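Subject: Handover of a structure and notes on what was found in it

Dear colleague,

I am writing to hand over a structure for your studies. Please have it open beside this message while you read the notes that follow.

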Amino acid sequence: MQSKERESLRVKMGGLRLVCDQEIPVHQGRMNTAVISFRETLGTVKARANQTVESQDKLGKFKAQLREVEDELVKALSVKTRKEAKRIAIIDSISSTKTKVEQLKKIVQDQRAMRDEYAAIISQQASEPLATIREKGNHGVGNREEIQDAISWYNKVLGFRIEGGHGVKFIFTNINLKNTNEEYSFTIRHSNDTYTLLECDPQLAETKELVHELNRTNGLFKFVRIMRQKFQQVAESGHLPQSPTAQVSATISVSAPVSSVSTDSKSESPTKQTVLQVHPQETNRRGRKTNRGRRG
């Protein structure tokens with residue numbers, strides 16, 4: 001009984017063994033197929049990973065190129081903006097220039113009209129009778145003679161003369177009763193609406209206040225009269241003028257109102273620059289004219 005059971009068990013085990021032997025190659029084939037498939041999948045994954053890395057590198061390069069393009073675009077826009085601003089400025093300048101040209105044309109037209117008007121006036125005056133013109137000329141000569149006689153009287157009585165140079169020099173004699181030929185002088189200049197005392201011989205007190213008053217009132221003739229009075233006071237006190245080599249220049253200036261008389265001979269044009277100087281020999285005029293000058 002036991003032997004039969006053993007035999008039956010052996011048969012079963014043998015059958016199972018055959019079945020296992022038959023299934024082992026099948027499972028091995030499946031395993032080999034799975035391994036091959038896994039290897040292929042792994043290779044595919046590696047290839048995709050490499051492609052991804054390459055794509056990332058390319059993406060980085062594309063980003064860098066994009067930034068460069070953006071920078072160039074910004075520069076181009078900046079250049080365009082500057083050019084546009086320059087164009088607008090040029091247009092404004094052209095418009096302003098056209099306006100100025102129109103104004104200048106109008107001024108030229110006005111000047112031409114004035115020139116034609118003056119030419120007509122001159123032509124009309126030139127058409128006056130020759131006798132009338134000669135009469136006016138003779139009258140002007142007479143006035144100049146009277147003025148010259150008056151100046152001669154000033155030179156004779158007051159010892160006064162004027163010299164031009166760097167400013168105008170006012171010279172007085174007949175100040176010192178002990179020596180009537182002794183010269184007292186001061187030099188004044190008028191430039192940029194300002195009177196400036198350049199030199200005073202002898203030196204006087206209160207000249208700064210006098211120049212300030214001169215610039216405030218523009219009273220040149222009053223200033224000259226006061227300076228002569230100051231010289232007389234100095235002469236009475238015994239102060240003598242300095243020698244030419246020992247003169248000391250003093251500059252005192254205050255802003256002055258606009259004056260029609262310029263005391264700076266250098267500021268005049270060559271045709272207008274004059275030196276007013278009265279010579280003693282001009283006093284030998286007729287007694288009648290001298291007396292008339294003294295009354296003036």
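I begin with the residue Phe170. Setting aside its neighbours within four places in sequence, Phe170 is in contact with Phe160, Arg161, Ile162, Tyr184, Ser185, Phe186, Ile188 and Val224. Please keep in mind throughout that this is a predicted model. Phe170 belongs to strand S2, and its relative accessible area is 6%, so it counts as buried, the cut-off being under 20%. Phe170 can also be placed relative to Arg228, a residue 58 positions away along the chain: the two C-alpha atoms are separated by 9.6 Å.

The chain as a whole

The protein chain contains five helices and five strands. Read from the N terminus, the order of these elements is α-α-β-β-β-β-α-α-β-α. The chain has 296 residues, of which 20% count as buried. Consider next the contacts between residues at least 6 apart in sequence: 60% of them join residues at least 24 apart.

Aromatic residues

How many aromatic pairs does a search of the whole structure find? The search finds eight. In one of them, the ring centres of Phe160 and Phe172 are 5.2 Å apart and the ring planes stand at 35°, so this pair is described as tilted. The two residues lie twelve positions apart and link distant parts of the chain, with Phe160 in strand S1 (residues 160-165) and Phe172 in strand S2 (residues 167-172). Are these two residues buried or exposed? Phe160 has a relative accessible area of 18% and is buried. Phe172 is also buried, with a relative accessibility of 2%.

One aromatic cluster is formed by Phe160, Phe170, Phe172, Tyr184, Phe186, Phe223 and Phe231. Phe170, with which these notes began, is therefore a member of this cluster as well as a buried residue. Among its contacts listed above are the cluster members Phe160, Tyr184 and Phe186.

Helices H3 and H4

Helix H3 covers residues 207-217 and helix H4 covers residues 220-237. Their axes come within 9 Å and cross at roughly 165°. An angle over 145 degrees counts as roughly antiparallel, and H3 and H4 are therefore roughly antiparallel to each other. The crossing in which H3 passes H4 is right-handed.

Which residues make the contact between the two helices? On the side of H3 they are Leu210, Val211 and Leu214, and on the side of H4 they are Leu220, Phe223, Ile226, Met227 and Lys230. By type, these residues comprise seven nonpolar, no polar and one charged.

Two residues of H4 may be looked at individually. Ile226 lies in this helix and is partly exposed, at 23% relative accessibility. The C-alpha atoms of Ile226 and Leu210 are separated by 8.6 Å, while the residues are 16 apart along the chain. Gln232 is likewise found in H4, and its relative accessible area of 28% makes it partly exposed. From C-alpha to C-alpha, Gln232 and Asn176 are 7.0 Å apart in space, and they are 56 residues apart in sequence.

Backbone details in the loops

The peptide bond that joins Asp201 and Pro202 is cis, with omega about 0°. Pro202 is placed in the loop between strand S4 (194-201) and H3. Glu206 lies in the loop between S4 and H3 as well; it has a positive phi of about 65°, although it is not a glycine.

A positive phi of about 65° is also found at Asn218, which is not a glycine either. Where does Asn218 lie? Its place is in the loop between H3 and H4. Asn218 is partly exposed, with a relative accessible area of 23%.

With kind regards

How values were computed
Residues are numbered from 1 along each chain as its sequence is written. This is a predicted model: local features need pLDDT of at least 70, side-chain atom pairs count only at pLDDT 80 or more; totals for chains, interfaces and linings use all residues. Side-chain values use heavy atoms; hydrogens and water are left out. Axes are lines fitted to C-alpha atoms, for helices over the stretch in contact, and angles run from 0 to 180 degrees between N-to-C directions. Helices (H or I, at least four residues) and strands (E, at least two) are DSSP runs, numbered from the N terminus. Angles under 35 degrees count as roughly parallel, over 145 as roughly antiparallel, 65 to 115 as roughly perpendicular and the rest as oblique. A crossing is left-handed if the near helix is turned anticlockwise from the far one by less than a right angle, and right-handed if clockwise. Contact means heavy atoms within 4.5 Å. Ala, Val, Leu, Ile, Met, Phe, Trp, Tyr, Cys and Pro count as nonpolar, Asp, Glu, Lys and Arg as charged, and the others, Gly among them, as polar. Rings of Phe, Tyr and Trp (its six-membered ring) pair if their centres lie within 6.5 Å; planes under 30 degrees apart count as stacked, over 60 as edge-to-face and the rest as tilted. Buried means under 20% relative accessible area, exposed over 50%, partly exposed in between (1.4 Å probe, protein chains only).
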